[in-house]
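Visitor: Please show me the model, and let us then discuss how its parts are arranged.
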Amino acid sequence: MFKILFEKLKEAFASVLPVALIVLLLSFTPLVNFSTKELVVFAVCAVFLVAGIGLFNLGADLAMTPMGEHMGSGLAKSRQLLLLVSVCFMMGMLITIAEPDLSVLAEQVKNAVEPLLLIGTVGVGVGIFLLLSIVKIVWKKDLSSIIIFLYMVLFMLGMLMISLGKDVFVPLAFDSGGVTTGPITVPFIMALGVGVAGAIGGKDANENSFGLIALCSVGPILALMGLVMFSKGDLTYELSPQSYSIDASLGVNFVPTVLTVAKDVMIALGLIIVFFLILQFVVLKLSKAKLVQIAFGICYTFAGLVIFLTAVTVGFMPIGFQLGCELAKMPKALVVAGFVIGLVVVLAEPAVHVLNKQVEEITGGLVTKRSMLIALSVGVGVSIGLSMLRIIVGFPLIYYLIPGYFVSLGLSFFVPKLYTAIAFDSGGVASGPLTSSFILPLSIGACSVIHDGGGSILSYAFGIVAMVAMTPLITIQILGFKAIVSRTLRNRMMMRRIQDADDEQIIDFV
């Protein structure tokens, strides 16, 4: 066990090191000016971030992934479709309600929509779309056609919101799709899909196991758009720089911060555990050895997430905001820094490593973890660079999203469906807690300097999570297109060699 944990910690160290080095290197340039206290806190939090990611990844391997697979396969083998979709609906709804990032988003729109109403509606939206995702696997429906239809609906609603003068809500609506796919839900939902697809079987089982994250990310966007269309009042955003201060999370405030994070993680994990135990007694009947392994895994997952989220809240969020404020004074440096930070920040997302591992296993090594990481890094780097450019120039998010999704949906006609499913799942996974806790504060800090704050922050700083979720769809499908072209060229070269071979080189085995 300690050997496996050591390997996980090594992987986590390699993931966090680039982000930490970039921030520390920037601190020695005239571009930014961090105090000694800020640098020390950031460095310490980077060490804790390594520990958190390592423990979480070990816990995901021991508990979250096996739980999802056992629940999916056990419910699918029971042949009780009603029980399967009912459990999936409840799981999707309750886990989403417990997501801390969703509560933060609800606070931003409380002047227009009641927070409890928003959280409940988004939870129901995720539950419904998780249910639909399982039905898609059972009935073996094509993901591409479903995604195309859903995003056409999203774009039409987005344009309608702009025509009604509620365009300020569009970035928040699309961001909601990213914040609901957190590090707790992603391993579970992905493993649930693998379990159901594996139990049902069929020649497209690998392809059908992906796409759940993609569909579950659509539910919150539709839910929030629906609420906005019928809501009254003005949406305001009061920027409080003090909340992004290192001092705000240290001293007497440190213990309450840890306790709040621990409570949120405990609620989210508790909901999964309760459902799993109910199914264990009713359907699954797993052995004692497997239950002990899952119990240890849950402990590792809990400890890892508490350490990870605390380190992000205490050190990375304030530094991200401060970095945005400093870089905004030099627009060109802001765009370049956004691109470079985006290249490496995705490496520190815990759920990304879970996705890459599952992709490599499902595809039998055809899609390696290394190629997935490169594609995701390039995609996120481009998205954050473009987002910084949007803050500087100032134009609606929809001008990025419509062309971007048209390109990604167009690519789905030319690449294997497996790549399309992986790509759309990757979009939801890439926009994890580090994106909302480090990249979003960076964006808010930059926007507060370049623009006048308030509504400008809602219009231009928000939406960066949606951009991070969009660009991997293009880069990973390009990866699939490249694989097809390479295979075709290799087959043609092989046939040409056979045709050009002399008769003496051809051996007749008959």
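Visitor: At what angle do helix 2 and helix 11 pack, and how far apart are their axes?
Guide: This is a predicted model, in which local features need pLDDT of at least 70, side-chain atom pairs count only at pLDDT 80 or more, and totals for chains, interfaces and linings use all residues. Residues are numbered from 1 along each chain as its sequence is written, and side-chain values use heavy atoms, with hydrogens and water left out. Axes are lines fitted to C-alpha atoms, for helices over the stretch in contact, and angles run from 0 to 180 degrees between N-to-C directions. Helix 2 (residues 36-77) and helix 11 (residues 254-284) pack at about 40°, and their axes are 11 Å apart.

Visitor: Which word describes the orientation of helix 2 and helix 11 to each other?
Guide: Angles under 35 degrees count as roughly parallel, over 145 as roughly antiparallel, 65 to 115 as roughly perpendicular and the rest as oblique. The angle here is about 40°. Helix 2 and helix 11 are therefore oblique.

Visitor: How many nonpolar, polar and charged residues has the contact of helix 2 with helix 11?
Guide: Contact means heavy atoms within 4.5 Å. Helix 2 contributes Met64, Met67, His70, Met71, Gly74 and Leu75, and helix 11 contributes Leu269, Ile272, Phe276, Leu279, Val283 and Leu284. Ala, Val, Leu, Ile, Met, Phe, Trp, Tyr, Cys and Pro count as nonpolar, Asp, Glu, Lys and Arg as charged, and the others, Gly among them, as polar. By class, this contact has 10 nonpolar, 2 polar and no charged residues.

Visitor: Is Lys285 buried or exposed?
Guide: Lys285 lies in the loop between helix 11 and helix 12 (288-327). Its phi is near 60°, a positive value in a residue other than glycine. Buried means under 20% relative accessible area, exposed over 50%, and partly exposed in between (1.4 Å probe, protein chains only). With a relative accessible area of 56%, Lys285 is exposed.

Visitor: Is helix 13 roughly parallel or roughly antiparallel to helix 15?
Guide: Helix 13 (residues 331-345) and helix 15 (residues 369-393) pack at an angle of about 155°, with axes 7 Å apart. That angle makes helix 13, relative to helix 15, roughly antiparallel.

Visitor: How many nonpolar, polar and charged residues has the contact of helix 13 with helix 15?
Guide: On helix 13 the contact includes Gly338, Phe339 and Gly342, and on helix 15 it includes Gly381, Gly385 and Met388. By class, the count is 13 nonpolar, 5 polar and no charged residues.

Visitor: How many residues of helix 7 are buried?
Guide: The buried residues of helix 7 include Phe169, Asp175 and Val179. Helix 7 (residues 169-179) is largely enclosed by the rest of the structure, because its buried residues number 11 of the 11.

Visitor: With which residues is Ala223 in contact, leaving aside its neighbours within four places in sequence?
Guide: Ala223 is found in helix 10 (residues 212-229) and is buried, with a relative accessible area of 12%. Ala223 and Leu118 are 105 residues apart in sequence, yet 8.2 Å apart in space, C-alpha to C-alpha. Beyond those sequence neighbours, the contacts of Ala223 are with Thr121 and Val122.

Visitor: What percentage of the residues in the protein chain is buried?
Guide: The secondary structure of the chain comes to 20 helices and 0 strands. Of the 510 residues in the protein chain, the buried ones make up 57%.

Definitions and conventions. Helix = DSSP H or I, 4+ residues; strand = E, 2+ residues; numbered from the N terminus.
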